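Here is a short report on a structure. Look at the sequence and the 3D view, then read on.

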Amino acid sequence: MTAIPAPTRVPAPRKGAGDHVANSSRRRSSPWVYIALTGGLVLMIGPFLWMVLGSLKPEADFLRTPPTFLPSTITTDNYGRLFDQLDFPRYFFNSAVIAFAVTAGTILFCPMLGYALAKLRWHGKGLIMGLVLATLMVPAGITLIPNFILMSNLGLVNTYPGLILPFLVGPFGVFLMRQFMYGVPNELLEAARMDGANEFRVFWSVVMPIATPVLATLAILTFLGSWNSFLYPFVMAQEPQMYTLPVALATFATGQYQADHGMLMAGSVLIVVPVLIVFVLFQRWITEGIATTGLKG
Amino acid sequence: MTVPALARRTSAEAAPAASAGRRWRWRDDLTGWAFAAPFVILFLVFLAFPIVVSFILSFTSFGLRDLQNPVGATFVGLQNYVDLLSDPKFWASLLNTVYFVVVGVPITLALGLLIANALNRGITRFRTVFRVGYYLPVITSIVAIAVVWRFLLNPDVGLINMLLASLGIKGPAWLADPALAMPSIIAMAVWRNLGFAMIVFLAGLQAIPASLYEAASIDGAGRGQSFRYVTLPMLRPTILFMTVITTIGYLQLFEEPFVMTGGGPLDRTLSVTMYMYQQGFTFFHQGYASAVAYVLFVIVAIVAFLQFKFLRSDA
């Protein structure tokens with residue numbers, strides 16, 4: 001599933017004073033539930049294990065029938081080929097540059113507009129709000145061809161700006177930030193204004209610091225979305241030196257290397273494992289951010 | 001919530017608070033637009049403008065020769081849409097996409113809800129481990145996952161047929177069998193996306209007051225009845241929300257068949273977005289591809305509208 005257009009937040013009832021969170025403390029938990037959940041967990045983790053083990057298998061293991069789950073000997077040849085025969089360090093670098101730039105732009109521009117929409121009074125606010133809202137459910141495929149034509153004529157195909165600029169305008173970041181900005185007390189802003197701070201000062205020195213947790217959520221989700229994105233970069237990066245990791249992997253997996261299972265598993269590990277590490281480290285921010293916003297990486 | 005409904009709600013709550021008590025000054029407009037400008041300019045150029053252009057392109061025979069001079073493209077009226085009606089590949093792609101959505105969405109949501117409910121009320125320990133574990137596939141690259149699953153499903157050297165063989169069953173050629181290719185892709189999509197449904201449902205479940213369950217249990221309700229008469233009604237808005245966004249996401253199926261099957265066998269996994277890609281970037285019929293994209297857009301809009309209406313009124 002591609003990144004999903006999602007309305008502002010999940011319309012779930014809010015936890016309020018006096019409501020106790022429903023939990024199982026009063027119920028006996030059955031061992032069968034643990035057994036079923038563990039079985040499911042094995043199915044969820046299994047493909048990742050298969051990927052990692054596959055990336056460490058020597059070529060001979062892929063010719064053996066029946067195949068084995070564990071490698072006969074552990075080898076790093078598959079990774080070696082990614083680096084020697086193919087230019088995976090370059091693709092990794094491209095993916096990282098694009099994801100960092102997209103994230104930096106998003107966590108600056110989205111809170112700016114969110115702040116203006118929630119806390120400032122200006123002509124045209126309603127129009128902008130309506131425009132951004134109207135694009136929430138538009139399928140990503142719609143803009144693909146016009147953007148390709150536009151980038152061709154601007155000379156931006158196969159360039160970093162061509163791969164970065166269109167990703168700075170996700171409507172979801174604006175929603176998330178606008179929602180947060182409503183919660184910022186006006187007294188706080190007024191106090192800063194009384195002290196002579198102009199609006200940019202108020203935004204930068206008062207609002208942005210207290211927005212850190214929600215910015216972190218937005219940053220992580222934006223980074224993941226960019227790191228994993230495929231269709232747009234696939235169209236816009238036509239020269240191998242501009243490939244991102246998913247573009248490179250898909251190109252090799254459907255082209256001349258489609259039977260090289262070991263190398264393809266190693267390439268998958270390079271895409272997936274950094275993300276898994278980030279996720280396990282920051283999982284609270286990610287899952288809570290998603291649960292409260294309906295936003296998806 | 002439909003988009004217009006959202007718009008009404010948000011503009012109603014957007015009460016100008018910052019400059020209450022002050023007179024409207026031109027400086028307010030300047031400040032507001034200065035904050036909005038970076039996003040709005042990029043938004044207009046790379047999102048709003050392309051959406052309009054795509055609509056116009058769908059009435060032209062735009063092709064490779066027009067790339068250097070886009071405004072010179074020839075208008076063909078409704079010809080692209082007329083051609084679509086009699087294009088068997090387009091209908092195949094539409095049918096496949098509908099199959100993927102109609103089977104995939106209910107399974108994804110049902111499993112997500114089942115697991116969320118088990119995590120919320122069935123167990124007391126290791127919740128974080130399960131939550132993180134089930135969520136892991138959601139954050140990973142679909143391309144990488146599709147490559148891994150293609151290998152898992154490989155008839156000769158794949159894990160799944162290896163496990164089947166150990167039970168004495170000869171596994172089929174999953175992705176090469178016209179009847180099994182789409183179910184295989186659905187299985188992978190469910191595996192990848194149920195964690196997202198789980199997380200959102202879990203948040204919804206945790207917001208249901210425990211007093212409702214206590215009241216139900218005093219009235220003699222068992223676990224199943226509590227779920228039927230407390231959980232489901234309380235979770236209704238969340239289920240609606242998830243149905244809509246999962247359907248819209250699944251309608252845009254692309255990477256999975258692109259990597260795993262290339263749309264085959266016999267076009268049985270060709271999706272609408274994939275057909276648009278082929279027309280636009282393999283054959284360079286970009287006018288025709290824009291018509292395909294707009295049909296998908298309209299379907300997405302109708303589905304979102306109908307689901308909100310339908311799910312809201314059958315209470």
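## A buried leucine

B:Leu57 is buried, because 27 other C-beta atoms lie within 10 Å and 20 or more count as buried. Keep in mind that this is a predicted model. B:Leu57 belongs to helix H2 of chain B.

In sequence, B:Leu57 and B:Gln286 are 229 residues apart. In space, their C-alpha atoms are 7.5 Å apart.

## Where the chains meet

Chain A gives 112 residues to the contact, and chain B gives 107. Helix H2 (residues 26-57) of chain B supplies 20 residues, the largest share of the side of chain B that touches chain A. That side of chain B has 78 nonpolar, 23 polar and 6 charged residues.

Now turn to helix H9 (residues 199-210) of chain A, which has 12 residues. From first C-alpha to last, H9(A) reaches 16 Å, close to the 16 Å expected at 1.5 Å a residue.

Which residues of H9(A) are buried? They are A:Glu199, A:Val202, A:Phe203 and A:Val207. Seen down the helix axis, the buried residues of H9(A) fall within an arc of 95 degrees, so they line one face. They pack against helix H3 (88-119) and helix H8 (186-194) of chain A, together with H2 of chain B. The face turned away from the buried side carries the exposed residues A:Phe200, A:Ser205 and A:Pro209.

Key. Residues numbered from 1 in each chain as written. Chains lettered and ligands numbered in written order. Predicted model: local features only at pLDDT ≥ 70, side-chain atom pairs only at ≥ 80, totals over all residues. Contact = placed C-beta atoms within 7 Å. Helix = DSSP H or I, 4+ residues; strand = E, 2+ residues; numbered from the N terminus. Nonpolar A, V, L, I, M, F, W, Y, C, P; charged D, E, K, R; others polar. Expected span 1.5 Å × (residues − 1). Buried ≥ 20, exposed ≤ 12 C-beta atoms within 10 Å, placed from the backbone. Arc of directions from axis to C-beta.
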